[in-house]
Amino acid sequence: MKISKWAIVTVALLVMALPLVTACGDDDTGEPTRTQPQETTEPPKEDVKIKIGLMTDKTGPAAEALIAVDAALTDVVKYFNDNDLIEGATLEIVSYDTQYDPAKDATGYQFLKSKSVDVMCTGVPSNPIVNKASADGDNMVIFSLTAAQPMYDPPGYVFCINIPADASVYTMLDWLSSNDPDFPTDRPAKVGAVGAKGPYADTLQGGLKAYCNAHEEYEWVEGFLVDFTAYEFSSQVDA
């Protein structure tokens, strides 16, 4: 018999609720009725395997960044399993390499679904948007490492574990104008942006533009969305 992770969660909630239920009885102070204890036989515990579907990029342009993210998830799963932090359950990762290609997002979802994963996660920004309708229809939870409005609006089975990129931009620009010793005082600071096409960069640049247009200490110049490449900007920044 297969016991799902949801069954474990349900049992845990019931166990936690029992003290509350028993504490909500009436105020009868009469003598309690004595009952004879009955012997019970507990069924043997059965290990549960919880499969985590990981939609990532192992060989595409974002692989260098996501390899570290995937390694962190692997370490966490190993730690949980080695220390038996979820009693009676073992975590397992099932991966799919999307190569950062939005055309492969839906294929990855169907592949992981065919492997009977219990939950999915992804650091690929296009993935939760492409698969949102399928996840909502299948009641499949997807945890996204990035956040953009199409992922969570309308609400559904995609859960973003980060703030939208535009919100982080507001904080950054506010801090810069107040703390950067080289921030210009005789003119607005000019802001431009370039990023890979996708919901993350699109949301980030939208936040930059909105903040600059609302604050006179900044001037928005232009934003560019380009195809994702492995181009290194460090040499240009240093120059």
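Me: In this predicted model, what is the handedness of the crossing in which helix 3 passes helix 4?
Reply: The model is predicted, and the answer is read from it as such. The two elements concerned are helix 3 and helix 4 (residues 126-138), whose axes lie 9 Å apart. Helix 3 passes helix 4 in a crossing that is right-handed.

Me: Are helix 3 and helix 4 parallel, perpendicular or oblique to each other?
Reply: Helix 3 and helix 4 pack at an angle of about 45°. Angles under 35 degrees count as roughly parallel and 65 to 115 as roughly perpendicular. Helix 3 and helix 4 are therefore oblique.

Me: How many charged residues does the contact of helix 3 with helix 4 have?
Reply: Helix 3 contributes Asp 105, Ala 106, Tyr 109 and Lys 113, while the residues of helix 4 include Val 130, Ala 135 and Asp 138. By class, the contact of helix 3 with helix 4 has four nonpolar and four polar residues, and the number of charged residues is three.

Me: At what angle do the axes of helix 6 and helix 7 cross?
Reply: Helix 6 spans residues 165-179 and helix 7 spans residues 199-214. The crossing of these helices is right-handed, and helix 6 and helix 7 are oblique to each other. Their axes come within 7 Å and cross at roughly 40°.

Me: What unit do strand 6, helix 7 and strand 7 make?
Reply: Strand 6 (residues 189-196) and strand 7 (residues 218-226) pair in the parallel sense over eight bridges. Within this pairing, Ala 189 stands opposite Tyr 218 in strand 7. Together with helix 7, the two strands make a right-handed β-α-β unit.

Me: Which strands are the edge strands of the open sheet of five strands?
Reply: The sheet has the order 2-1-3-4-5, with parallel pairing. An edge strand pairs on one side only. The edge strands are strand 2 (89-97) and strand 5 (158-160).

Me: Which residue in strand 5 is the bridge partner of Ser 144?
Reply: Strand 4 (residues 142-144) pairs with strand 5 in the parallel sense, over three bridges. In strand 5, the bridge partner of Ser 144 is Cys 160.

Key. Residues numbered from 1 in each chain as written. Predicted model: local features only at pLDDT ≥ 70, side-chain atom pairs only at ≥ 80, totals over all residues. Heavy atoms only, no water. Axes fitted to C-alpha atoms, helices over the stretch in contact; angles between N-to-C directions. Helix = DSSP H or I, 4+ residues; strand = E, 2+ residues; numbered from the N terminus. Parallel < 35°, antiparallel > 145°, perpendicular 65-115°, else oblique. Left-handed = near helix turned anticlockwise from the far one by under 90°. Pairing = 2+ DSSP bridges. Right-handed = clockwise from strand over helix to strand, strands pointing away. Contact = heavy atoms within 4.5 Å. Nonpolar A, V, L, I, M, F, W, Y, C, P; charged D, E, K, R; others polar.
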